[in-house]
Structure formats: structure tokens, C-alpha cells
Amino acid sequence: MTDLDALDVIVVGGGGAGLAAAVAAAEQGAQVLLFESERELGGSTQLSAGLFTAAGTGVQRGLGIEDTAERHFQHYMDLNQWQLKPGLIRAFCAAAGPTLEWMLGLGLDVPAAVSPDAHTPGLCRAGVEDVWRGHVPRDQGYGLVQVLDRARRERGVEAVLNTRVERLLFEEGRVAGVVADGIEVRAGAVVVASGGFAQDPGLLDRYYPEAHEAGDSLFVVAAPGSRGDHFAFAEQTGASLTGHGWGLMLPTAYFQRYHHWQAGFPPKSRVYVNGSGRRFMDEDASYAVSTGIILAQDGPVWAVFDEKARLGLPTGYADWTPERVAEEVRAGRTLSAATLTELAAAMDVPSDALSATVTRWNARLAASGADPDFLREDSLAAKGSPQPPAPIAAGPYYAARVLPAELVCTHTGLEIDHDAAVLDRTGTPVPGLFAAGEAGGGVLGMRYVGGGNAVANALTMGRVAGRNAAR
């Protein structure tokens, strides 16, 4: 039983960031107590694919890939247009590889094998990087959490479940503990790892209104505890917030309501067209950039495919199945027509442009596998599907709206420095206060760098926060 009178570190939140912080602090010899608002540990990390982006790892070297943290840093900053603090991002990139190695030492299994997707253990293409950095563990996010939770128990860290921290103890300019269930619990330092705010519509309206532009198509895949508790902690301590207006929305069909491993996938043989009836992107582009490309179009974006593609969808998924598409057609929400000319009229796009788009698709990508316009063959090869897609040639034809509607994570958090120390509104560290994961702002930026960005941020900065809080 933890001695509440001898605590060094309190961790608020038991997801990936909180667990990493608790284990890292305990490794420094600290007495640690962890509070989790929900009935089980894991948070959004447990719901994820567990993909972890990092550079200069043993897994990469095992595949003959040379990579460095500096190269990762340059790519990260360029993709975010240098709107993040370079010192923080350099520290994150430098610590991500060692954090993955730390996890491997704790028992995580990431084989040195090529992975075609975010669900096959090994190394995959995480985003738009020139060097593959997506490390996929066995057992996905669940496996990550199990490894960290076992390490927590082995190091004697008690986890208090189903207990939401009400406020921080802020006395004489420093954080001295927390209040939970009306009880004051004191410690030398507190790590806030309470997650994001995707489950709070009011906070979304204020800090990430873009999410609500999806209207009725919006669905949230973040953990139930993602209620933005860190905003109240900022008010109590005078802490600064950063990352306003940033988050991760994945492009989906308007009718999708689950993440893709439950929802299924749209047909390989599909073309995305804009309000001008023209193709404008690689349909398999990483979500690191695809959301921005879609939002830049005039008018709605449509996924166009044919009857053969619909019938080729596998059964057993929640959304992308032959019958579900047929249901949406019967309800008048997915468009269908016998000819492309009729489909264009229903879409309110120029019929000559749509016909030319599909003709070019069939003559190039479907015929030879080469896509001189958008290089989709590269994305298909990285996904382990190098065969050319089938032509779009047999009516009836279909058009389903595609838009950013799947809310995964939010990026507005307590501003932190390279030590994961929380800064006040003057840029000065708040004594005794650290943050990590979605609750710690400044690492996840305007552009999500690719699969594994959030998990790497959570575990890496959680570990940094725990170690520094223990000191």
C-alpha cells in the first residue's frame, strides 16, 4: 500500500503517457501514485493500433535502414511549417528512438520485418516520410498498455481507478499535489497525462471547431476519458495553452461510424473527384496530408466507383460492405446511376470532366499500374498491394461523399518545454508541474506527421515527464 505521506510524484491519467511517466519516475526511485478517471487503464493508447514513430532504432537497422533523429526532426518541422518550437521537437525526436528501445527492453515486441499496414507487426510507412519510421507492435495498442502496466506493477506503483482528479493543489506559486474524491494528496511533483478533449463538444467548439464542420458525419474514436481536464488545471495554475485549432481528423465516407479496422475499407478501385468533377489526389495518401488536400477543394469531394467494386467489398465489417452501400443508395444518401453522365448530373459536376477523369484512370492506373499525376502506385506498394486496381467501367456507378469526419485526437494542451515542464503565460516553468500526451501541447502540431505520432508523443514525453518529475 502506497504511503500517501511519502509521495514524490502523482500522475493524473493512466493512458500511454501516464503509464510511461509512472514507470519512468519509479525507475528513478520515486514513490509514485497514479489516478485514472475510468475503470480501466489504457486510455486512447489502448484503442490505437499502437504504431510508434521513431528514428535510428534497432528495428530500422535490422532492415538495413539508416536513419537519424536529426533527419526525423527536419521532416517533422518542415511538415509543420516550422510553427512548432524547434527545441521541443528536437528533444522529442532525440528521445523517441531511445523510448522505443526502452519499451522493447520492457518486453514490447516489434520484429525487424517489413509491414504493409498499421496492423501487421514490423516496420511500415507511417506517413509521407522518405524513411519508414512506423513501428507496429504485436497486440497493437493493447500490447503497449500491457507492457507498461506490467512494468508499473513490478515497480510498485499503485493505480487508483475510477477516480477523477478534481483540481491541483497550487500553493505559493507551485504545484504540491492534487485533490481527488475531496481528499488532498500531496507530492513533490504532478504529471498531467489526462488525455485530450475529443469527448467534450463545448471544448471542441472553442479549441478545435473544425471538427464540427463534419456535422452529423462526425464520430469520435478517442477514449471516454478524453474530457479536457487539463484546461481546468491551466486555469488553476496560470499555465499557458498551445495548439489552438489543431487536431487529427481522418477522411472517411459520410456514413462511416467506426475506425477502419471495424468499419472496413472503401474499394481499391475508386477515384476521388472534387466539385469540378476532376481527380485531385492519391486516394491512398497518408492521413498526414490527405485531410488538408480534401479541405482545400472547392465543393464536396466524392468517392466514385462501380458495381464490380461494390460487390467486391468484403462482408463482416460495420460500414464498407456491399449491402451497406446498397442501403445508403436506397436511402438516397449515396448517389447511383446507370451511366457516368447521369451520375455527374446527380453529383452536380461537369459530366465531361467526370468522364475524362474515369477514362484517364482506366487508361493509366488501371491499365498499367502507373499514375503519372498522383503516384498512387507508390502508396499501393507501401501497403503491400502493388497490383493495379480494376477499371471503373461497369454500371451502375456510385458516388459517396468523403470528408474529414473521424476525430482521433486533439492537440491543444498545456504548453511544455523540452523537459515536459509546464510553462506559465510568461514562458516560465510552473514549479512541480509536468505534462505529456494530448494534455501536453506543442509536440502534436498543425500537421499530424503520420501513423504513430500520437503514441510516440505520449510514451516519449510521458517518459521524459516522469523522469524529470522524479528529480
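Buried means under 20% relative accessible area, exposed over 50%, and partly exposed in between, with a 1.4 Å probe and protein chains only. Helices (H or I, at least four residues) and strands (E, at least two) are DSSP runs, numbered from the N terminus.

This is a predicted model, in which local features need pLDDT of at least 70, side-chain atom pairs count only at pLDDT 80 or more, and totals for chains, interfaces and linings use all residues. Residues are numbered from 1 along each chain as its sequence is written, and side-chain values use heavy atoms, with hydrogens and water left out.

**Exercise 1.** Locate Glu172 and state whether it is buried or exposed.

*Solution.* 
- Start with the backbone: phi of Glu172 is positive, about 55°, yet the residue is not a glycine.
- Most residues other than glycine have a negative phi.
- Finally, accessibility: Glu172 has 87% relative accessibility, so it counts as exposed.

**Exercise 2.** Do likewise for Ala420: is it buried or exposed?

*Solution.* 
- Ala420 has a positive phi, near 65°, and is a residue other than glycine.
- Its loop runs between β18 (413–415) and β19 (421–423).
- The relative accessible area of Ala420 is 0%, so Ala420 is buried.

**Exercise 3.** Find the geometry of the peptide bond from Gly395 to Pro396.

*Solution.* 
- Omega is near 5°, and the bond is cis.
- Most peptide bonds are trans.
- Pro396 belongs to the loop between α16 (376–382) and β17 (397–410).
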